[in-house]
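Let's take a friendly walk through this fold. Have a look at the sequence and the structure first, then read on.

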Amino acid sequence: NPVILWNHRWEYDKNPNLFFNTLFQLKKEKIKFSLIVVGKKYTQFPEIFSKARDLLKNEIIYFGYCESKSKYISLLNESDILPVTSNQDFFGISIMEAISCNCYPILPNRLTYPELFDIKKNKSIFYNSDKELKNKIISVITNLDYLKTQNINFKNKLIEKFDWQTMSIKYDSIFESYFT
């Protein structure tokens, strides 16, 4: 089964209700998937996580905080699809981490995402409504083999501008301009 990933903090601003309610609908429609849920969990967290743990218990591969970086990277590499539902995000490091491990992103057409991921070149990864999110997840599940073969170039185009090889040159140039 395709593996859907949640790798964000367990907070309301990441909109876990939309994420999990969409997965509940997929399960009800008998669409097969597996699930990895990792992220920082605080003393109080949205109750939808507990509900998801119960309702999606047969789909869950991993559910909880990851103590080791190597385990976290392993879980990302095991994942296929990253539906993002955040209501607040300034950059999205967890998204970059997942994409760099070949997860196919499905992003809201708002916040910083259209600028970071160049909506003009990557329109297919964006959604505008809750219904469109669900439909995109279904489409990615249905076409996952094809998308995975296309994903290497796609991934490189999405994140190459943030790669350290690129950024270090930019930083060096900026720092040198202040000292010359």
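At 13% relative accessibility, does Glu59 count as buried or exposed? Glu59 counts as buried because its relative accessibility is 13%, where buried means under 20% relative accessible area, exposed over 50% and partly exposed in between, with a 1.4 Å probe and protein chains only. Please keep in mind that this is a predicted model, in which local features need pLDDT of at least 70 and side-chain atom pairs count only at pLDDT 80 or more, while totals for chains, interfaces and linings use all residues. Residues are numbered from 1 along each chain as its sequence is written, and side-chain values use heavy atoms, with hydrogens and water left out.

- Strand 1 is largely enclosed by the rest of the structure, because 5 of its 5 residues are buried. Helices (H or I, at least four residues) and strands (E, at least two) are DSSP runs, numbered from the N terminus.
- In a regular strand the side chains alternate between the two faces of the sheet.
- Both faces of strand 1 are covered: Val3, Leu5 and Asn7 are buried on one side, and Ile4 and Trp6 on the other.
- Strand 1 and strand 2 run parallel and are joined by 5 bridges; two strands pair if DSSP finds at least two bridges between them.
- Within this pairing, Trp6 stands opposite Val37 in strand 2.
- Strand 1, helix 1 and strand 2 make a right-handed β-α-β unit. Right-handed here means that, with the strands pointing away from the viewer, the path from the first strand over the helix to the second runs clockwise.

- The 13 residues of helix 1 (residues 16-28) should span 18 Å at 1.5 Å a residue, and the end C-alpha atoms are 18 Å apart, which agrees. The expected span is 1.5 Å times one less than the number of residues.
- Buried residues of helix 1 are Pro16, Leu18, Phe19, Phe20, Thr22, Leu23, Phe24 and Leu26.
- Those buried residues pack against strand 1 (3-7), strand 2 (34-38), helix 2 (48-55), strand 4 (81-83), strand 6 (126-127) and helix 6 (130-142), with contact meaning heavy atoms within 4.5 Å.
- Lys30 follows helix 1 and has a positive phi, near 65°.
- In helix 4 (residues 93-100), the residues Ser94, Ile95, Met96, Ala98 and Ile99 are buried.

**Aromatic pairs**

- The model has 11 aromatic pairs, counted when rings of Phe, Tyr and Trp (its six-membered ring) have centres within 6.5 Å; planes under 30 degrees apart count as stacked, over 60 as edge-to-face and the rest as tilted.
- Trp10 and Phe45 form an edge-to-face pair, because their ring centres are 5.6 Å apart and their planes stand at 75°.
- This pair links distant parts of the chain, 35 residues apart: Trp10 is in the loop between strand 1 and helix 1, and Phe45 is in the loop between strand 2 and helix 2.
- Trp10 counts as buried at 2% relative accessibility, whereas Phe45 counts as partly exposed at 23%.
- Phe20 and Phe49 are also edge-to-face, with ring centres 5.2 Å apart and planes at 75°.
- Phe20 lies in helix 1 and Phe49 in helix 2, so this pair ties together parts that are 29 residues apart in sequence.
- Phe20 is buried at 0% relative accessibility, and Phe49 is buried with a relative accessible area of 0%.
- One aromatic cluster is formed by Trp6, Trp10, Phe19, Phe20, Phe45, Phe49 and Phe63.

**Salt bridges**

- Side chains of opposite charge can pair when their charged atoms come close.
- The count comes to 5 salt bridges, each being a side-chain nitrogen of Lys or Arg within 4 Å of a carboxyl oxygen of Asp or Glu.
- Asp89 forms a salt bridge with Lys14, and their closest N and O atoms are 3.9 Å apart.
- That pair links distant parts of the chain, 75 residues apart, with Asp89 in the loop between strand 4 and helix 4 and Lys14 in the loop between strand 1 and helix 1.
- Asp89 and Lys14 are both buried.
- Glu59 forms a salt bridge with Lys27, where the closest N and O atoms are 3.1 Å apart.
- Glu59 lies in the loop between helix 2 and strand 3 (60-64) and Lys27 in helix 1, so the pair ties together parts that are 32 residues apart in sequence.
- Lys27 is partly exposed, with a relative accessible area of 30%.
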